[in-house]
Amino acid sequence: MEFPGKKITLVECPRDAMQGWSHIIPTEKKIAYINALLNVGFNTIDFGSFVSAKAIPQMADTKEVASHLQLVNTKSKLLAIVANERGAIEAINYEAISFLGYPFSISETFQQKNTNAGINESLERVARIQSICIGAGKQLVVYISMGFGNPYGDPYNEKIVGEWAGKLVELGIKIISLADTVGLATAEQVFSVTKNIIELFPGIEIGVHLHSAPGNWKAKADAALQAGCRRFDGALKGIGGCPMAGDDLVGNMNMEQMIAHFNSLNYSTGIENDALQNCLKMANEIFI
């Protein structure tokens, strides 16, 4: 039984699963896989990125992939990651893409590593990309990268997270996702940070993009739920992580496990199980 109002927004992230994979995945396999994911019932598919092919070689074919996706009979929307205005201008040319995502790190060190810009310069980029999105009828999703701390010794506390989130809200950002980029957050921290941001910005959709080892994903998911979060990113089989972080690719939250867990708690996920099982079979063939 599903209870009215108990709805979870699920964002499946094949882009995050693929971007750091050890060998290049053929374009035709990416297209087939993402088209299959579009039948599952996810709210959003984070499918690719318009970034430097030199920096992320696996995403060099995003334009071709975007041109071959079938959205006629899907309720899912597409999201593409961009790191600057050039990428945003490329992405808005695709009618199929509804959301652009920008990784906004509150770690100065990581922001330089990830987008070749400091935090203040990145905030200016967000403003310009937001303007591009508004003009093109797209919506910008901002990920607060290193939102639960960083391994570089850069200043971090909950107040800092709230201050930068406030600056993003002032720019008109309506969706913010708190990202545990290197998987270092504890469940207690996930609860505290997420609850604080949700309470500070009640009109904003707050999500979590949590990287996690297999043993502690459930505690983190439950902590975010208890904090009031209803938007969760993940990837089938828990594959992925950020290659720019220089870690061992701590995986994404395992999407099929999250679906089963949320269903057991009587949340509505909108997932078609047969289509999900088909995608899991495909993932077993792609990620080998």
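A residue counts as buried when its relative accessible area is under 20%. Tyrosine 267 comes in at 11% relative accessibility, so it is buried. Keep that cut-off in mind while we look at the aromatic rings of this predicted model. Searching the whole structure turns up 7 aromatic pairs, and here are some of the details.

**Phenylalanine 50 and tyrosine 94**
- These two rings make a tilted aromatic pair, with 5.7 Å centre to centre and 40° between the planes.
- The pair ties together distant parts of the chain, as its partners are 44 residues apart.
- Phenylalanine 50 belongs to strand 2 (residues 44-50), while tyrosine 94 sits in the loop between helix 4 (85-91) and strand 4 (97-105).
- Both phenylalanine 50 and tyrosine 94 are buried.

**Phenylalanine 262 and tyrosine 267**
- Here the arrangement is edge-to-face: the planes are 70° apart and the distance is 6.4 Å centre to centre.
- Phenylalanine 262 has 0% relative accessibility, so it counts as buried, and at 11% tyrosine 267 counts as buried too.
- Tyrosine 267 also has a charged neighbour: lysine 6 lies over the face of its ring, 4.3 Å from the ring centre.

**Other spots to look at**
- Trp21, Tyr33 and Phe287 come together as one aromatic cluster.
- Over at tryptophan 164, lysine 167 lies over the face of the ring, at 5.7 Å from the ring centre.

Terms used: Residues are numbered from 1 along each chain as its sequence is written. This is a predicted model: local features need pLDDT of at least 70, side-chain atom pairs count only at pLDDT 80 or more; totals for chains, interfaces and linings use all residues. Side-chain values use heavy atoms; hydrogens and water are left out. Rings of Phe, Tyr and Trp (its six-membered ring) pair if their centres lie within 6.5 Å; planes under 30 degrees apart count as stacked, over 60 as edge-to-face and the rest as tilted. Helices (H or I, at least four residues) and strands (E, at least two) are DSSP runs, numbered from the N terminus. Buried means under 20% relative accessible area, exposed over 50%, partly exposed in between (1.4 Å probe, protein chains only). A charge sits over a ring if NZ of Lys or CZ of Arg is within 6 Å of the ring centre and within 35 degrees of the ring normal.
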